[in-house]
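Please look over the structure shown here. A short report goes with it.

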Amino acid sequence: MDVVYRCCCGLDVHKNSVTACVLWAEAKGKCRQEKRRFGTFTQELLALTDWLHACGVTHVAMESTGVYWKPVWHILEGHFELLLVNAQQVKAIPGKKTDRKDSAWLAELLQHGLLKSSFVPPEPIRELRDLTRYRVNLAQECNRIANRIQKVLEDANLKLASVATDPLGASGRAMLKAIIAGEQDVEKLAEMSRGLLRRKIPELRLALEGRVSQHHRFLLKELMDHLEFVESKMTRLEREIAERLRPFEDMVRRLCTVPGIDLVSAWGIISEIGLDMHQFEDAKHLASWAGLCPGNWESAGKRKSGRIRKGSAWLRRHLCQSAWGVSTKQNNYLSALFRRLAARRGVKRATIAVAHALLCIAYRILRDPVEYRDLGPDYFDKLHPVRLKNRLVKRLEGLGFQVTLEARPLPA
């Protein structure tokens with residue numbers, strides 16, 4: 001095989017150690033190699049950097065092992081051309097496995113140009129990604145606390161969730177705080193409702209008549225304090241994310257014009273794929289990297305499965321949530337696409353397909369300074385009008401009607 005890089009290095013990274021193998025390509029297809037072992041403290045990683053410079057290394061490859069590759073990447077970034085490779089794609093031939101052999105195998109693959117690096121965004125985007133992922137974790141924690149509060153209310157025979165759409169809204173929180181303070185009069189509690197909930201005051205009186213003990217009040221107070229603490233952290237995180245994305249607020253605004261994508265989803269999409277779309281050849285390559293395109297599993301001329309592969313789970317979470325939000329909307333192309341696919345292939349496949357469409361739209365909005373333009377809810381009807389007409393006529397005839405068609409001009 002042809003040698004692509006004359007001097008390169010493969011790193012086998014672990015929690016407490018890094019094994020490095022440097023390969024030099026010499027005449028007549030021969031290679032010379034040298035191996036060393038370093039620790040993972042910053043001082044030892046700096047020593048690794050100096051040794052690689054002394055060897056004349058230009059390219060370094062390492063496996064994406066958990067989070068242990070990150071400190072090594074941070075130290076070497078800017079000094080060498082770095083490649084972060086998927087460990088599953090560079091497995092060595094089964095046999096005797098050692099750290100030294102793994103590093104040599106990586107170096108050999110790198111030297112001949114057989115490695116493909118995973119997508120690693122620049123440091124500002126990596127920091128933004130940490131913030132958005134932490135916010136997702138806090139939102140999940142809020143949901144868990146809300147479920148615990150509901151369990152305590154049910155144990156106390158309080159059926160607030162059966163009447164109020166959001167038991168932890170403004171009205172629900174006011175009632176819960178009054179219950180924690182010792183209020184037992186259902187009339188006073190029901191009068192704390194606000195807005196549209198005041199139409200359900202008779203139902204509220206019945207729902208708030210329970211058997212609340214001191215034990216329930218103690219649990220509710222602790223859970224409400226925990227919920228408010230987590231929500232305050234979420235608020236600070238959102239302010240920090242908005243501040244860091246202030247120079248790119250026009251991109252965020254254009255993303256938010258897409259049906260189903262709100263501010264939080266726009267933050268998540270940008271933090272996962274970055275702002276520079278030229279690192280992906282086109283929208284299809286981005287969808288393949290995210291794991292939102294059909295998989296290929298074919299044997300003997302038969303397609304076995306089109307199951308999607310693993311990819312970016314965090315990005316898929318944001319896009320699938322947006323796709324599910326689109327399914328509840330009306331009069332737009334994406335909702336028409338969801339219903340069209342859900343009727344034939346099921347809700348899950350429709351969700352993934354709409355998530356794929358959302359990712360392609362986001363790619364074009366971030367790559368080009370363009371606004372989102374909806375194709376309209378009748379886009380699929382206009383694609384094949386004759387086919388649609390014949391199908392509808394057959395359905396009416398199947399119900400026993402005699403159909404006569406008369407053309408008329410379409411409204412302007």
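## Model

This is a predicted model.

## Helix H4 and its end

Helix H4 covers residues 123-155, which makes 33 residues. At 1.5 Å a residue, H4 should span 48 Å.

Just after H4 comes Asn157. Asn157 has a positive phi, about 65°.

## Ser162 in the loop

The loop between H4 and helix H5 (170-181) holds Ser162. Is Ser162 buried or exposed? Its relative accessible area is 54%. Exposed means over 50%, so Ser162 counts as exposed.

Ser162 and Val258 are 96 residues apart along the chain. Their C-alpha atoms are separated by 34 Å.

## H11 against H14

Helix H11 (residues 283-290) meets helix H14 (residues 347-367). Their axes come within 9 Å and cross at roughly 130°. That angle makes H11 oblique to H14. The crossing is right-handed.

Which residues make the contact? H11 supplies Ala283, Leu286, Ala287 and Ala290. H14 supplies His356, Leu359, Cys360, Tyr363 and Arg364. By class, the contact residues are seven nonpolar, one polar and one charged. An α-helix has 3.6 residues a turn, so residues three or four places apart point the same way.

Methods. Residues are numbered from 1 along each chain as its sequence is written. This is a predicted model: local features need pLDDT of at least 70, side-chain atom pairs count only at pLDDT 80 or more; totals for chains, interfaces and linings use all residues. Side-chain values use heavy atoms; hydrogens and water are left out. Helices (H or I, at least four residues) and strands (E, at least two) are DSSP runs, numbered from the N terminus. The expected span of a helix is 1.5 Å times one less than its number of residues. Axes are lines fitted to C-alpha atoms, for helices over the stretch in contact, and angles run from 0 to 180 degrees between N-to-C directions. Angles under 35 degrees count as roughly parallel, over 145 as roughly antiparallel, 65 to 115 as roughly perpendicular and the rest as oblique. A crossing is left-handed if the near helix is turned anticlockwise from the far one by less than a right angle, and right-handed if clockwise. Contact means heavy atoms within 4.5 Å. Ala, Val, Leu, Ile, Met, Phe, Trp, Tyr, Cys and Pro count as nonpolar, Asp, Glu, Lys and Arg as charged, and the others, Gly among them, as polar. Buried means under 20% relative accessible area, exposed over 50%, partly exposed in between (1.4 Å probe, protein chains only).
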